[in-house]
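Me: Please take a close look at one part of this model, the ligand site. Then connect that part to the rest of the fold.

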Amino acid sequence: MQHAKDIFLSILRNKTTSRQAFREAAMRLTHLLAHEVLQYLPTQNILLATPLAATQGTTIATDIMLMPILRSGITMLPAFLSYFPQTSIAIIGARRDEETAQAHLYYQNIPPHTKNTRVIILDPMIATGGTGLIALSLLKTLGIPESNIIFCSIICAPEGIDKLKKQFPAVMHVTAAIDDHLNARKFIVPGIGDFGDRYFGTEG
Ligand code: URA
């Protein structure tokens, strides 16, 4: 699986990758990540009938809420929805100030859920971890246990993922890479540059 992730990650990393190829690689890589997330969800046996016979099958045992963090997190939705078509979707907006690199919550719209709902946070880049901390703190106030949360990213800086693991140790992380470090401007190195700018076409 890491081999497959690395192939798509390399397309994302390459600065000469076109916007179309960037989007396709991000989509394919996110499919791999959704497949990995699926393996960590509880399943249950079910009885079903094929056209020929009764047989045992398997289904996901819990309800799921996807939580993409605006803006880049929504790029991961289509791949996740193809694996989990019945999920509810909680949208949150947490943005980091380019000057201070501090994140703040500016939008939230959370569907009904229970404490047993599994929440999958979608955010392609964990840089300082500030945005992730905001999402995890919000889920804590909503009563979702840490052990019911999976944080799915494409690339993490060690500083960011360490910060999240320290404050929320029971949250599971699924990612394609933990990179080397953050630079002075809080970009992940080697990284892929600004994910949102390259995906949405807002690079200056
Ligand atoms: N967000 C990005 O898109 N890229 C980084 O390197 C860090 C945060």
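Reply: A definition comes first: a nonpolar core is a set of buried Ala, Val, Leu, Ile, Met, Phe, Trp, Tyr and Cys residues joined through side-chain atoms within 4.5 Å. Keep in mind that this is a predicted model.

A polar backbone atom of Ile188 is 2.8 Å from an oxygen atom of the ligand. For Phe195, a backbone N or O atom lies 2.8 Å from an oxygen atom of the ligand. Gly193 places a backbone N or O atom 2.8 Å from a nitrogen atom of the ligand. How much of the ligand does the protein bury? Taken alone, the ligand exposes 240 Å², and the protein buries 89% of that.

Next, the chain around these residues. Lys186 sits in the loop between strand 13 (181-182) and strand 14. Lys186 is not a glycine, yet has a positive phi of about 65°. Is Lys186 buried or partly exposed? Lys186 counts as partly exposed, because its relative accessibility is 33%. Strand 14 covers residues 188-189, and Pro190 lies in the loop between this strand and helix 6. The peptide bond joining Val189 and Pro190 is cis, with omega about 0°.

The peptide bond from Leu70 to Arg71 is cis, with omega near 0°. Arg71 belongs to the loop between strand 3 and helix 3. Ser72 is also in the loop between strand 3 and helix 3. Which residues does Ser72 touch, not counting those up to four places away in sequence? Ser72 touches Pro124, Phe195, Gly196 and Phe200. Ser72 counts as buried because its relative accessibility is 14%, and buried means under 20%.

From here, turn to the core. The largest nonpolar core has 34 residues. Leu12, Val37, Phe80, Ile120, Cys152 and Ile154 have the most contacts inside this core. Which elements supply at least two residues each? On the helix side, they are helix 1 (2-13), helix 2 (19-39), helix 3 (77-83) and helix 6 (195-200). On the strand side, they are strand 3 (64-70), strand 7 (118-122) and strand 9 (149-152). Helix 2 gives the most, with 8 residues.

Ile120 shows how the pieces meet. Leaving aside residues up to four places away in sequence, Ile120 touches Val37, Ile64, Met65, Leu66, Met67, Phe80, Phe84, Ile150 and Cys152. Another core, of 23 residues, lies apart from the largest one. Among its members are Ile69, Ala90, Ile144 and Phe168.

Thr175 has its place in the loop between strand 11 (172-174) and strand 12 (177-178). Its side chain reaches the backbone oxygen of Ile154 at 3.3 Å. Beyond neighbours within four places in sequence, Thr175 is in contact with Lys5, Leu33, Ser153, Ile154, Ile155 and Cys156. Why does Thr175 count as buried? Thr175 counts as buried because its relative accessible area is 14%, and the cut-off is under 20%.

Gly160 is a helix case. Gly160 lies in helix 5 (residues 158-167). With a relative accessible area of 0%, Gly160 is buried. Gly160 is in contact with Ile126, Ala127, Thr128 and Gly129, leaving aside its neighbours within four places in sequence. Gly160 and Met125 are 35 residues apart in sequence, while their C-alpha atoms are 9.4 Å apart in space.

Finish with a strand. Leu48 is in strand 1 (residues 43-49). Leu48 counts as partly exposed because its relative accessibility is 34%. Not counting residues up to four places away in sequence, Leu48 touches Ala53, Ala54, Thr55 and Gly57. Leu48 and Thr58 are 10 residues apart along the chain, and 9.4 Å separates their C-alpha atoms.

Conventions. Residues are numbered from 1 along each chain as its sequence is written. This is a predicted model: local features need pLDDT of at least 70, side-chain atom pairs count only at pLDDT 80 or more; totals for chains, interfaces and linings use all residues. Side-chain values use heavy atoms; hydrogens and water are left out. A polar contact is a pair of N or O atoms within 3.5 Å; within protein, one must be able to donate a hydrogen and the other to accept it, and residues adjacent in sequence count only if both atoms are side-chain atoms. Accessible areas come from the Shrake-Rupley method with a 1.4 Å probe; for residues, only the protein chains shown count as cover. Buried means under 20% relative accessible area, exposed over 50%, partly exposed in between (1.4 Å probe, protein chains only). Helices (H or I, at least four residues) and strands (E, at least two) are DSSP runs, numbered from the N terminus. Contact means heavy atoms within 4.5 Å.
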